[in-house]
Amino acid sequence: MTAPPPCLVRARVLCPGRRQVPLGPGESVSFGRSAPRPAADLTVSDSPRVSRRAGTFDVTPFGVLLTNTGSNPLFVDEASVRHTIRPGQAHLVTDGRVRVGFAGTDDGMELEVSGAVKPSDIPGADEATAE
């Protein structure tokens, strides 16, 4: 079995009125609302409708994995498609810029991803596996 190519994924989290957060290979950041004692690395909202620790972004060789660690749905708007990510679910963002929003509020942020490995980049990835 051939090893996948090295991870070249780069990402940026863009929040209106806040600093950009660059993410590189293997990095992770949690996000959520402000609170007397914030529970997340990145504060993205003051709304009580946003969980204190709403989710995480984890950079993988295949893109950025968005995991909903909160108690309310997250919305991911990609091109012309909206994905609803329920608590406990995850969504892989592979390339481009997406908007991540929160149920019951207009607050949100953008995630920009580039450099993800595509299955076609891995020799033998399209071959059938035996059981």
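The structure before you is a predicted model, in which local features need pLDDT of at least 70, side-chain atom pairs count only at pLDDT 80 or more, and totals for chains, interfaces and linings use all residues. Residues are numbered from 1 along each chain as its sequence is written, and side-chain values use heavy atoms, with hydrogens and water left out.

Strands here are DSSP runs of E with at least two residues, numbered from the N terminus, and two strands pair if DSSP finds at least two bridges between them. Strand S5 (residues 55-60) runs antiparallel to S6, and six bridges join them. Two residues separate S5 and S6, which form a hairpin. S6 also pairs with strand S9 (residues 90-93), again in the antiparallel sense, over four bridges. Within that pairing, Leu 65 has Leu 92 of S9 opposite it.

Is S6 enclosed or open? Five of its six residues are buried, so S6 is largely enclosed by the rest of the structure. Buried means under 20% relative accessible area, exposed means over 50%, and partly exposed lies in between, with a 1.4 Å probe and protein chains only. Thr 67 lies in this strand, which spans residues 63-68, and counts as buried because its relative accessibility is 18%. Leaving aside residues up to four places away in sequence, Thr 67 touches Ala 54, Gly 55, Thr 56, Asp 58, Gln 89 and Ala 90; contact means heavy atoms within 4.5 Å.

Let us turn to the open sheet. Six strands lie in the order S2-S1-S11-S10-S7-S8, with antiparallel pairing. Strand S2 (21-23) and strand S8 (81-85) stand at the edges with a single partner strand each, so one side of each has no neighbour in the sheet. Further in, strand S7 (residues 74-78) and strand S10 (residues 96-102) pair over four bridges in the antiparallel sense. Phe 75 has Gly 101 as its bridge partner in S10.

Finally, the core. In soluble globular proteins, nonpolar side chains tend to be buried together. A nonpolar core is a set of buried Ala, Val, Leu, Ile, Met, Phe, Trp, Tyr and Cys residues joined through side-chain atoms within 4.5 Å. The largest one has 27 residues, and those with the most contacts inside it are Val 13, Phe 31, Phe 57, Met 109 and Leu 111. Beyond its neighbours within four places in sequence, Val 13 is in contact with residues including Leu 42, Phe 57, Met 109 and Leu 111.
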